[in-house]
Amino acid sequence: GELQRARQRDERLAYLRPRPGLVPHQRRTTAMDKFSAILKDILAPFMQDTYYHAFVVPIESQLGGDRKKLSEYKKRVGDEPVDLEMIVKKLDALQIHSVQGFLELMERLERNCHRYCDEKYVHLPTIATQLVSEVRKAVEQRRAELEQL
């Protein structure tokens with residue numbers, strides 16, 4: 001039940017935990033690496049907050065592998081699902097090159113939620129909008145740091 005879901009969630013978020021034996025001077029050194037690390041730092045608290053749990057993992061996981069629901073999702077949203085884990089993977093792979101690109105992914109997450117959930121899961125679009133708003137605020141708080149890179 002609830003404990004098992006919590007354990008599974010902890011396992012999915014394991015990559016956010018500091019790795020043993022990694023000292024700060026061995027961490028990423030390029031500007032892009034630092035840029036990505038800052039954005040991951042911004043996302044980390046949201047990924048760990050159960051209030052935003054619906055946006056952490058891929059939609060396939062959220063729908064429990066239900067092909068009918070997944071097909072309906074793709075009809076309403078298209079083939080561009082976004083979740084926080086996917087954004088972190090893109091950051092790890094250095095595939096996000098600007099604050100604008102990062103925020104566009106966050107906005108797509110919100111837009112997808114509104115397209116799919118407005119009628120089915122009426123509370124989620126509000127939470128998605130709040131998530132994007134909070135991430136934007138966090139980005140603004142660190143904008144100077146991001147622009148120095």
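This note goes through the fold, the salt bridges and the aromatic pairs of the structure above.

1. Basis of the note. The model is a predicted one, in which local features need pLDDT of at least 70 and side-chain atom pairs count only at pLDDT 80 or more, while totals for chains, interfaces and linings use all residues. Residues are numbered from 1 along each chain as its sequence is written, and side-chain values use heavy atoms, with hydrogens and water left out.

2. Overall fold. The protein chain has eight helices and zero strands, where helices (H or I, at least four residues) and strands (E, at least two) are DSSP runs numbered from the N terminus. Among contacts (heavy atoms within 4.5 Å) between residues at least 6 apart in sequence, 75% join residues at least 24 apart.

3. Surface. The protein chain exposes about 9200 Å², of which carbon and sulfur atoms supply 49%; accessible areas come from the Shrake-Rupley method with a 1.4 Å probe, and for residues only the protein chains shown count as cover. Of the 149 residues, 36% count as buried, a class that means under 20% relative accessible area, with exposed over 50% and partly exposed in between (1.4 Å probe, protein chains only).

4. Salt bridges in general. Side chains of opposite charge can pair when their charged atoms come close. With a salt bridge taken as a side-chain nitrogen of Lys or Arg within 4 Å of a carboxyl oxygen of Asp or Glu, the count comes to ten.

5. A bridge between distant parts of the chain. Lys-120 forms a salt bridge with Glu-72, and the closest N and O atoms are 3.1 Å apart. This pair links distant parts of the chain, since Lys-120 lies in the loop between helix H6 (99-117) and helix H7 (124-141), whereas Glu-72 belongs to helix H4 (residues 67-77), 48 residues apart. Lys-120 counts as partly exposed at 37% relative accessibility, and Glu-72 counts as partly exposed at 28%.

6. Bridges at Arg-143. The side chain of Arg-143 meets that of Glu-140 in a salt bridge (2.7 Å, N to O), and Arg-143 also forms a salt bridge with Glu-147, the closest N and O atoms being 3.7 Å apart. Because Glu-147 and Arg-143 are four residues apart in helix H8 (residues 143-147), they are separated by about one helical turn. Arg-143 is partly exposed, with a relative accessible area of 24%, and Glu-140 counts as partly exposed at 47%, whereas Glu-147 is exposed at 55%.

7. Aromatic pairs. The structure holds four aromatic pairs, where rings of Phe, Tyr and Trp (its six-membered ring) pair if their centres lie within 6.5 Å, and planes under 30 degrees apart count as stacked, over 60 as edge-to-face and the rest as tilted. The rings of Tyr-51 and Tyr-52 have their centres 5.0 Å apart and their planes at 75°, so this pair is edge-to-face. Tyr-51 is partly exposed, with a relative accessible area of 39%, whereas Tyr-52 is buried at 4%.

8. Tyr-116 and Tyr-121 form an aromatic pair that is tilted, at 6.3 Å centre to centre with 35° between the planes. Tyr-116 is buried, with a relative accessible area of 2%, while Tyr-121 counts as partly exposed at 29% relative accessibility. Phe-46, Tyr-51 and Tyr-52 form one aromatic cluster.
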